[in-house]
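Student: Please show me the model, and then let us work through its packing and its chain contacts.

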Amino acid sequence: MKRGVIGIVAVLLLGWGISSVAIAAEPYRIGALFPFTGSLALLGNESFNGAVIAQDMVNEKGGIQGKKVEWVKADGVDPKKAITECERLIAVEKIKLVFGTYSSSLSFAASEIAERNKVIYWEQGAIADNITARGFKYLFRTIARAGDFGNLAVKFTNEVVAPKLKMDPKKIKVGIMFEDSLYGTTVGNSAAKKAKELGMDVVAAESYSHKTVDLSSVAMIFKSKRPDVIIATSYMEDSILFWRQAKEMDLNVKAFIGTGAGHGMPEWAKTFGNEANYIFNIDPPIGINPRVFKGNTLEVLNDFRERFNKKFTHYPATHATAGFMAAHLLFEVVLPKAGSLDPEAVRKAALAVDIPEGGTVFGFGVKFAPPDNPAAGQNLRAIPVLMQWQEQKPWVVYPGTFAVREALMPLPTWEERAKGITKFIK
Amino acid sequence: MDITILQLIINGLLLGGMYALISIGLTLIFGVLEIVNFAHGEFLMLAMYAAYWLFQLYGIDPYVSMLIILPLFFLVGIAVQRVTIQPILNAPPLNQIFMTVGLSMVLQNAALFIWTADYRTVKTTYSGLTLKTAGLLISFPRLVAFLLAMGLIAALLIFLQKTYTGKAIRALAQERKAALLMGIDVYRTYQIAFGIGTACVGAAGAMLIPVFFVFPSVGSLFVLIAFVVVVLGGYNSLTGSLVGGLLIGVVEAFSGFFISPHLKEAIYFVIFILILLFKPTGLFGRA
């Protein structure tokens with residue numbers, strides 16, 4: 001009899017123990033929707049790997065309020081697959097928060113499904129403007145939009161190029177060239193719009209197919225319209241072709257600003273050697289001045305970089321850092337505040353986030369646009385930065401607090417380059 | 001005349017020379033032998049890689065490397081014809097299309113596997129060299145490519161008119177069965193013609209690498225325009241290909257400047273369609 005009682009008590013205790021353990025250990029299950037295979041796989045995996053480090057860091061501390069973070073991976077190879085995988089995450093896996101996606105077309109398609117099911121979509125790396133232009137309530141994007149790249153090029157022209165060249169910003173002549181897919185068109189049009197807003201003289205805004213084998217006509221148009229500044233949005237092949245033909249056509253301008261893709265690649269500098277020097281380029285904030293960081297952000301960034309290198313045997317670049325930044329924000333700020341994965345609670349917590357400049361590993365702050373804003377869900381404090389190729393390496397030169405070097409202008413003419421002379425204004 | 005107009009004409013002619021150069025091999029293979037070779041662009045890609053690696057590994061100037069690439073690609077052409085085209089010579093033309101499209105995919109993906117998707121360029125002393133005369137700018141490597149296109153076309157014209165093999169190729173193009181009855185070794189002649197066509201693409205690749213760049217699918221940028229040039233020229237006319245190439249180059253330079261760089265490809269296609277509407281056999285083709 002005694003034994004029986006002990007047995008029952010033991011069983012009860014055991015049962016209680018198991019259930020209490022189960023409650024304590026029930027993890028935060030987060031959907032990870034990336035192109036893990038296929039043609040986008042390289043940077044898709046790289047982006048996710050950044051987020052994996054954020055997961056390691058939070059789980060090592062014992063998780064979020066005692067709950068570990070777990071990924072439920074979904075492979076969105078193309079927009080169609082991204083949709084079905086997002087549906088699977090929500091319907092089968094009962095996921096309440098989807099983290100993704102790196103590629104804009106995948107993000108655009110999958111976030112539609114999440115919104116319809118009132119599930120949070122946390123976008124870490126897709127930059128197409130239209131993703132946050134649909135008035136979605138459950139969509140949040142941590143990084144800057146493509147249009148912000150064009151705007152920054154014009155702002156830099158207005159605030160730095162014009163004063164340095166002792167020109168009235170309203171008299172400065174701007175030439176814009178962009179490849180005619182969605183990426184180039186978005187950046188090019190935003191630059192043209194911003195330049196006109198500031199009263200600049202946009203002398204040419206030319207688009208072209210990045211698959212063209214000849215850009216001499218673009219160089220000729222610029223030669224006849226004589227812009228002081230050229231703002232260019234190009235992929236790799238057209239950025240190489242244009243700069244070569246600019247040399248052949250002896251096209252000279254005072255400043256040349258690329259806006260990501262081609263002009264930011266190490267291969268670009270390798271192709272042109274010293275002829276790549278003094279070109280500007282706009283990219284997400286990597287290699288910024290550490291004085292920007294506030295609190296322990298710099299330590300977090302360094303910890304992330306070392307952990308990433310240890311786990312994946314190379315140091316993280318833009319994509320991995322974007323993945324880390326978005327996941328870290330989610331795990332350290334948003335979810336602890338929300339207290340659960342309930343989409344309404346996460347939404348409320350996300351909209352309440354107010355991180356000033358210097359508070360993330362990208363240097364910029366976080367403030368999501370509320371649902372009544374035309375860019376609902378966009379991190380309005382996310383910015384790209386402007387770099388300049390000097391000695392064939394990219395150095396951040398703008399905005400001021402992020403800068404590690406001073407911008408050198410004007411761009412030497414081809415004749416000056418051949419003679420090895422520069423006439424930079426101090 | 002306005003200096004801008006003159007400069008546009010020069011740019012257009014130099015660009016057209018490049019198009020003509022790329023199309024010569026195709027004129028022979030597609031125009032004369034009537035083999036629809038969709039792998040033409042990939043041969044160009046391979047030639048550009050050959051010139052690139054000869055320069056990077058052995059420091060051989062691309063213009064000099066042509067002496068190696070020409071005979072090498074002649075042999076490559078013979079081998080490709082022997083292995084892939086010859087067995088299906090009597091099959092419907094559709095089979096040739098499938099075969100060459102397949103070959104193009106295999107070559108593109110093999111290149112992607114071996115050399116990765118990186119863009120590769122060579123930097124020679126004359127890469128950005130521009131000749132300046134009376135305010136006009138002429139790119140030196142483009143001028144060389146233009147002159148080579150002229151030279152190659154002249155040499156091929158003489159070869160096709162004067163030599164026995166040349167005459168055999170033309171006989172084959174006119175009527176295969178009759179050529180066979182006249183005692184022409186049909187398979188051998190096909191192989192030689194395909195070899196010459198491929199060698200011409202090889203030369204084009206070596207000429208292009210100082211002004212362009214190479215990556216596994218670079219051929220796809222050029223192959224469509226090469227077909228357009230050949231059809232515009234009138235299928236089997238080398239002179240036609242030269243004129244067709246130059247015409248498209250000049251149209252592209254002018255429409256890019258006066259209308260929009262965005263529309264220049266569309267405009268030369270409109271002109272292409274118009275010419276074929278009024279002269280379906282192409283500029284120099286005989287009905």
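Predicted model: local features only at pLDDT ≥ 70, side-chain atom pairs only at ≥ 80, totals over all residues.

Tutor: Residues are numbered from 1 along each chain as its sequence is written, while chains are lettered from A and ligands numbered from 1 in the order in which they are written.

Student: How many Å separate the centres of domain 1 and domain 2 of chain A?
Tutor: Chain A is divided into domain 1 (23-144 + 291-352) and domain 2 (147-283 + 385-419), with bounds from an automatic or database domain assignment. Their contact (C-beta atoms, placed from the backbone, within 7 Å) takes five residues from domain 1 and seven residues from domain 2. Taken over C-alpha atoms, the separation of the centres is 33 Å.

Student: Which element gives the largest share of the side of chain B that touches chain A?
Tutor: In this interface, 26 residues of chain B are in contact with 26 residues of chain A. Elements that each supply at least two residues on the chain B side include α9 (219-233) and α11 (264-278); helices (H or I, at least four residues) and strands (E, at least two) are DSSP runs, numbered from the N terminus. The largest share, five residues, comes from α1(B).

Student: Is α7(A) parallel or oblique to α10(B)?
Tutor: A:S216, A:S217, A:M220 and A:I221 in α7(A) meet B:A253, B:G256 and B:F257 in α10(B). The axes (lines fitted to C-alpha atoms, for helices over the stretch in contact, with angles from 0 to 180 degrees between N-to-C directions) come within 8 Å and cross at roughly 40 degrees. Angles under 35 degrees count as roughly parallel, over 145 as roughly antiparallel, 65 to 115 as roughly perpendicular and the rest as oblique. The pair is therefore oblique.

Student: What does the angle make α2(B) relative to α4(B)?
Tutor: Helix α2 (residues 40-58) and helix α4 (residues 93-115) of chain B pack at about 25 degrees, with axes 9 Å apart. Residues in the contact include B:M45 and B:Y49 of α2(B), and B:L107 and B:A111 of α4(B). That angle makes α2(B) roughly parallel to α4(B).

Technical notes: Contact = placed C-beta atoms within 7 Å.
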